[in-house]
Amino acid sequence: MKPMQRTGTLLRYLGPFVGLALVIAVFGILNYLHGTADDFLNWSNFQLLITHASIVAAAGLGMTIIMIAGGIDLSVGYVISLVTVIMMMTFRWVINDLAGSETMAGLAALAAGLLTGVVCGTFNGVVITQWKIVPFVATLAMLGIARGVGIYFTEGSRLSFPTGTGPLPWMTALRSIDPMADWTFFSPSVWSVFILGCIVAAVLRYTVLGRHCFAIGSSEPTARLCGVRVERTKIMIYALAGLLTGWAGVLQFCRSGAGSHDVGAGMELSVIAAVVIGGGSLNGGEGTILGTILGAIIISVLDNGCSRLNLQPDVRYVIIAAIILGVAALNSWRSTKR
């Protein structure tokens, strides 16, 4: 292997770790100068930002699969919002109209939320493969559909739990920052994403679907010549990504305790940034689950650090956009040196 290739490989695998260390160091220094270092650099704050990263990481798992296959999904933010709306509507419907128990309502809401994600993802896949519309346009249209449907159902307001009811124990556990036991170290939402991450990583590494993802993302014409059923595979990829986005919506629902049409607005930027920072390529064919999870943690550190420095949200968006540009430029440079 040539020295330049070795350098590129090291950047690919160690980049997210180095980036996380740099972000923590930079915000640690800035918080020290600001007089809030003790609040930033402690275990409780680390648990907090790891828990907050779980929603972006969950959606990022699906986005990683899509981007490895050469696609992109701009609708994840508003699909997450729509999932929270559908979950709360289902919960209220079971309680108010069916006189069901809270347990039944919670399970129905969970199923409806995950199904919403799968339907949205499958729709994206069908539009992209059968209507021959590029992913950017197709998922942008889904963004508008999810946003419009969410506003229609909520009439622009937040839906809350019916009177006399509230979050169930499993919802409270998923919204908690504290671990259920000291030896688990992190909250249940973090562990749920960790388990899902292991499953998705295994799918990418050991299954035919995973190998076809990389083949399509590396060269779709070559994949076709090799017998890969590209259209069917892409629909499966977007459906699976929709399921993972649905789980991100479930976590968001538990955290906010409400159904809102815009609670995930702008989250697509964080999700795409997490994948890119983690080594995923916008050109397809590259990406790792571990890198995406580290990228989500980096985004969470940025959020937390900017918040403790009293920086405005627009500053955070500029920083994230600058990071995306920087990492994309680095990937482009690395590609030209191969």
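I take helices as DSSP runs of H or I of at least four residues, numbered from the N terminus. A cavity, on a 1 Å grid over the protein atoms alone, is a set of points where a 1.4 Å probe fits but cannot get out, and lining residues have an atom within 4 Å of a point.

I'm working on a predicted model, where local features need pLDDT of at least 70, side-chain atom pairs count only at pLDDT 80 or more, and totals for chains, interfaces and linings use all residues. Numbering starts from 1 along each chain as its sequence is written, and side-chain values use heavy atoms, with hydrogens and water left out.

Cavity. I searched the whole structure and got one cavity of 30 Å³ or more. The largest cavity holds about 50 Å³ of space; a volume here is the space filled by probe spheres set on the points, which are joined across faces, edges and corners. Which helix gives the most to its lining? H11 does, with four residues. H4, H5 and H11 are the elements that give two or more. Among the lining residues I noted Asp73, Val79, Cys120, Tyr238 and Thr245. By class I get six nonpolar, five polar and one charged (nonpolar: Ala, Val, Leu, Ile, Met, Phe, Trp, Tyr, Cys and Pro; charged: Asp, Glu, Lys and Arg; polar: the others, Gly among them).

H4 against H5. Next I looked up how these helices pack. H4 (residues 76-96) and H5 (residues 102-130) have axes 8 Å apart at an angle of about 150 degrees (axes are lines fitted to C-alpha atoms over the stretch in contact, and angles run from 0 to 180 degrees between N-to-C directions). The two are therefore roughly antiparallel (angles over 145 degrees). Val79 of H4 is one of the residues in this contact, and Cys120 is among those on the H5 side (contact means heavy atoms within 4.5 Å). I count the classes as 15 nonpolar, five polar and one charged.

H4 against H11. The axes of H4 and H11 (residues 230-256) are 8 Å apart, at an angle of about 60 degrees. That makes the pair oblique (the class left after under 35, over 145 and 65 to 115 degrees).

Note on methods:
On a 1 Å grid over the protein atoms alone, a cavity is a set of points where a 1.4 Å probe fits but cannot get out, and a pocket is an open set with protein on both sides within 12 Å along at least five of seven lines; lining residues have an atom within 4 Å of a point.
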